[in-house]
Amino acid sequence: DLHRVDRRQRQMCIRDSIRAKQISYSDAIGQLIQQQELDSTDINGFLYNGEVDFGKSETKTKPCKTYYIEGMVKDKAAILKVKNCSEKAVIESVAF
C-alpha cells in the first residue's frame with residue numbers, strides 16, 4: 001500500500017533528522033537519567049524504532065518542530081517529546 005510506504009518513509013526521515021543533530025536533554029529528562037528510570041539506550045530505541053505521532057506533533061512551529069514519538073521503555077509504553085531545531089534536538093519529556 002503506497003500510503004503506508006509513504007508514512008514509513010516520513011517516520012524514518014524525521015527520526016534520521018533528529019539523530020543527525022546534537023542531542024541535549026531537558027532538566028526533567030536529565031533527572032530521569034540520574035534516577036536510572038531512563039537511559040541513552042531507551043532514548044535511542046525511540047529514535048531508531050519509535051512511531052512518530054503526526055496527529056499530536058507540531059510540524060509547522062518555528063524555529064523548532066515538536067514531535068511525539070511512541071515507543072517502549074523497560075516494557076512500558078511511553079511517548080517521548082522531542083523539539084527538532086535546525087542545529088540541535090532537545091529531548092523534552094517522556095510520558096508513561
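The legends below describe close-up views of a predicted model.

**Figure 1. Confidence of the predicted chain.** The model shown is a prediction, and its mean pLDDT over the chain is 94. A score of at least 70 is reached by 97% of the residues. Among the elements of the chain, strand β5, residues 88-95, has the highest mean pLDDT, at 98. The lowest mean among the elements, 88, belongs to helix α1, which covers residues 2-19.

Figure 2. Side chains of opposite charge can pair when their charged atoms come close. The structure holds 5 salt bridges, and one of them joins Arg-19 to Asp-16. In this pair the closest N and O atoms are 2.5 Å apart. Arg-19 and Asp-16 are separated by about one helical turn, because they stand 3 residues apart in helix α1. Arg-19 is partly exposed, with a relative accessible area of 26%. Asp-16 is also partly exposed, and its relative accessible area is 36%.

**Figure 3. The salt bridge of Lys-74 and Asp-42.** Lys-74 pairs with Asp-42 in a salt bridge whose closest N and O atoms lie 2.8 Å apart. Lys-74 belongs to the loop between β3 and β4, whereas Asp-42 belongs to helix α3 (residues 40-49), so the pair ties together parts that are 32 residues apart in sequence. Lys-74 is partly exposed, with a relative accessible area of 45%. Asp-42, in contrast, is buried, with a value of 11%. The view also includes Asp-39, which is linked with Asp-42 and Lys-74 in a network of salt bridges.

Figure 4. The side chains of Lys-81 and Glu-92 form a salt bridge with an N to O distance of 3.6 Å. Because Lys-81 lies in strand β4 and Glu-92 in strand β5, this pair ties together parts that are 11 residues apart in sequence. Lys-81 counts as partly exposed, at 23% relative accessible area. Glu-92 is partly exposed as well, with a relative accessibility of 24%.

**Figure 5. A patch of positive charge on the surface.** Four residues, Arg-10, Lys-60, Lys-62 and Lys-65, gather in this patch. Lys-60 is located in the loop that runs between β2 (51-52) and β3 (65-73). The relative accessibility of Lys-60 is 74%, and Lys-60 therefore counts as exposed, since the exposed class begins over 50%.

Figure 6. Pro-63 lies in the loop between β2 and β3. Lys-60, a member of the positive patch, is placed in the loop between β2 and β3 as well.

Figure 7. Gln-36 is a residue other than glycine with a positive phi, near 60°. Gln-36 is found in the loop between α2 (27-34) and α3. With a relative accessibility of 67%, Gln-36 counts as exposed. Asp-75, again a residue other than glycine, has a positive phi near 65°. The place of Asp-75 is the loop between β3 and β4. Asp-75 is exposed, and its relative accessible area is 76%.

Figure 8. Arg-7 lies in helix α1 and, at 36% relative accessibility, counts as partly exposed. From Arg-7 to Gln-36 the C-alpha to C-alpha distance is 33 Å, and the two residues are 29 residues apart in sequence. Arg-15 is likewise found in helix α1. Arg-15 is buried, with a relative accessible area of 11%.

How values were computed
Residues are numbered from 1 along each chain as its sequence is written. This is a predicted model: local features need pLDDT of at least 70, side-chain atom pairs count only at pLDDT 80 or more; totals for chains, interfaces and linings use all residues. Side-chain values use heavy atoms; hydrogens and water are left out. Patches are made of residues with over 30% relative accessible area and no salt bridge: like charges are joined within 9 Å, nonpolar side chains (Val, Leu, Ile, Met, Phe, Trp, Tyr) within 5 Å. Accessible areas come from the Shrake-Rupley method with a 1.4 Å probe; for residues, only the protein chains shown count as cover. Lys and Arg count as positive and Asp and Glu as negative; His and the chain ends are not counted. The place of a charge is taken as NZ of Lys, CZ of Arg, CG of Asp or CD of Glu. Helices (H or I, at least four residues) and strands (E, at least two) are DSSP runs, numbered from the N terminus. Buried means under 20% relative accessible area, exposed over 50%, partly exposed in between (1.4 Å probe, protein chains only). pLDDT is the predictor's confidence in each residue, from 0 to 100.
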